[in-house]
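I begin a set of notebook entries on the protein shown below. Each entry records what I looked up and what I found.

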Amino acid sequence: MKVCDPEAVPPASDKAGRHYLFRQLASYFTMVLQEWEIALAREQLANKAKGEEEAPTTYASKAAVNAMISSRENMRPLFRKFEKADVPDDILKPVVEIVKAAQERRYVDANDGYLRLSIGKAAWPIGVTMVGIHERSAREKLHNGERGHVMGDELTRKYLQSIKRCLTFAQVRWPPSDIRQLMG
């Protein structure tokens, strides 16, 4: 089931269209998380099949399991927002763009969408901003009250990071046919 184009996201007035889109997005992330869990279980079975009765749990395998579990937990607020149809358009459209690119196995494009969503295009203050008595000309652009990115909210930050982890797993589980579409 392919997700619609980000430009074709139904308006807030189209309740049925948005509900269908939210179900599609929730189904995609649920499927990725289930595949991730199955892949980790297969890996554990493969280790046990090698003749190791009690397979030694390495740090990497523990970290992989913990990443999957925390991603699943951190996605719950997003799933609740999908159920309540309470996802703002400034988050919904980039998430649709990310999922559509991931479904088409264009992981570099999905990662670009993730970066635009998480970081945004706001000016970031780098280094020392006040070095003397004169204020720099671009100083007002840094604090103009415009929301530059959505990472200020803790719940949003967590589920966006979980989306990124799902992308990372998806490119391993469903590799692209074009090697240039692998994200770093």
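**Entry 1. Helix α3**

Which residues in α3 are buried? I note that the model is a predicted one. I listed the buried residues of α3 as Ile-91, Leu-92, Pro-94, Val-95, Val-96, Ile-98, Val-99, Lys-100, Ala-101, Ala-102 and Gln-103. That makes 11 of the 15 residues of α3 buried, so this helix is largely enclosed by the rest of the structure.

I then asked what the buried residues of α3 pack against. Their partners are α1 (15-49), α4 and α6 (154-173).

I also compared the length of α3 with expectation.

**Entry 2. The overall layout**

I turned next to the whole protein. Its secondary structure consists of 6 helices and 0 strands, and along the sequence I read the pattern α-α-α-α-α-α. Of the 184 residues, 34% count as buried. The protein exposes about 11700 Å², and carbon and sulfur atoms supply 54% of that area.

I looked up how far apart in sequence the contacting residues lie. Among contacts between residues at least 6 apart in sequence, 74% join residues at least 24 apart.

**Entry 3. The largest nonpolar core**

Which residues of the largest nonpolar core touch the most other members? This core has 40 residues, and the ones I recorded are Leu-25, Phe-29, Met-75, Phe-82, Leu-92, Val-95 and Ile-163. At least two core residues come from each of α1, α2 (59-84), α3, α4 and α6. The largest share, 10 residues, is supplied by α1.

Not counting residues up to four places away in sequence, Ile-163 touches Phe-29, Met-75, Leu-78, Val-95 and Ile-98. Val-95 and Ile-98 are also on my list of buried residues in α3.

**Entry 4. Salt bridges**

How many salt bridges does the count come to? I recorded 10 salt bridges. One of the pairs I examined is Glu-97 with Arg-116, whose closest N and O atoms are 2.2 Å apart. Glu-97 lies in helix α3 (residues 89-103) and Arg-116 in helix α4 (residues 107-118), so the pair ties together parts that are 19 residues apart in sequence. Glu-97 is partly exposed, at a relative accessible area of 26%. Arg-116 also counts as partly exposed, at 40%.

With Glu-104, Arg-106 forms a salt bridge in which the closest N and O atoms are 2.8 Å apart. Arg-106 forms a salt bridge with Asp-109 as well, and there the closest N and O atoms are 2.6 Å apart. Salt bridges that share partners join Lys-100, Glu-104, Arg-106 and Asp-109 into one network.

The relative accessibility is 28% for Arg-106, which counts as partly exposed. Glu-104, at 34%, is partly exposed, and Asp-109 is partly exposed at 27%. Lys-100, by contrast, is on the list of buried residues in α3.

Leaving aside neighbours within four places in sequence, I listed Lys-164, Leu-167 and Met-183 as the residues in contact with Asn-111.

Ala-85 is one of them, with a positive phi near 55°. Where is Ala-85 found? I located Ala-85 in the loop between α2 and α3. Its relative accessible area is 47%, and Ala-85 is partly exposed.

Arg-105 is not a glycine either, yet has a positive phi of about 60°. I placed Arg-105 in the loop between α3 and α4. Arg-105 is partly exposed, with a relative accessible area of 36%.

Key: Residues numbered from 1 in each chain as written. Predicted model: local features only at pLDDT ≥ 70, side-chain atom pairs only at ≥ 80, totals over all residues. Heavy atoms only, no water. Salt bridge = Lys/Arg side-chain N within 4 Å of Asp/Glu carboxyl O. Helix = DSSP H or I, 4+ residues; strand = E, 2+ residues; numbered from the N terminus. Buried < 20%, exposed > 50% of the residue type's maximum accessible area, 1.4 Å probe, protein only. Contact = heavy atoms within 4.5 Å. Core = buried A, V, L, I, M, F, W, Y, C linked by side-chain atoms within 4.5 Å. Areas by Shrake-Rupley, 256 points an atom, 1.4 Å probe, with all protein chains shown as cover.
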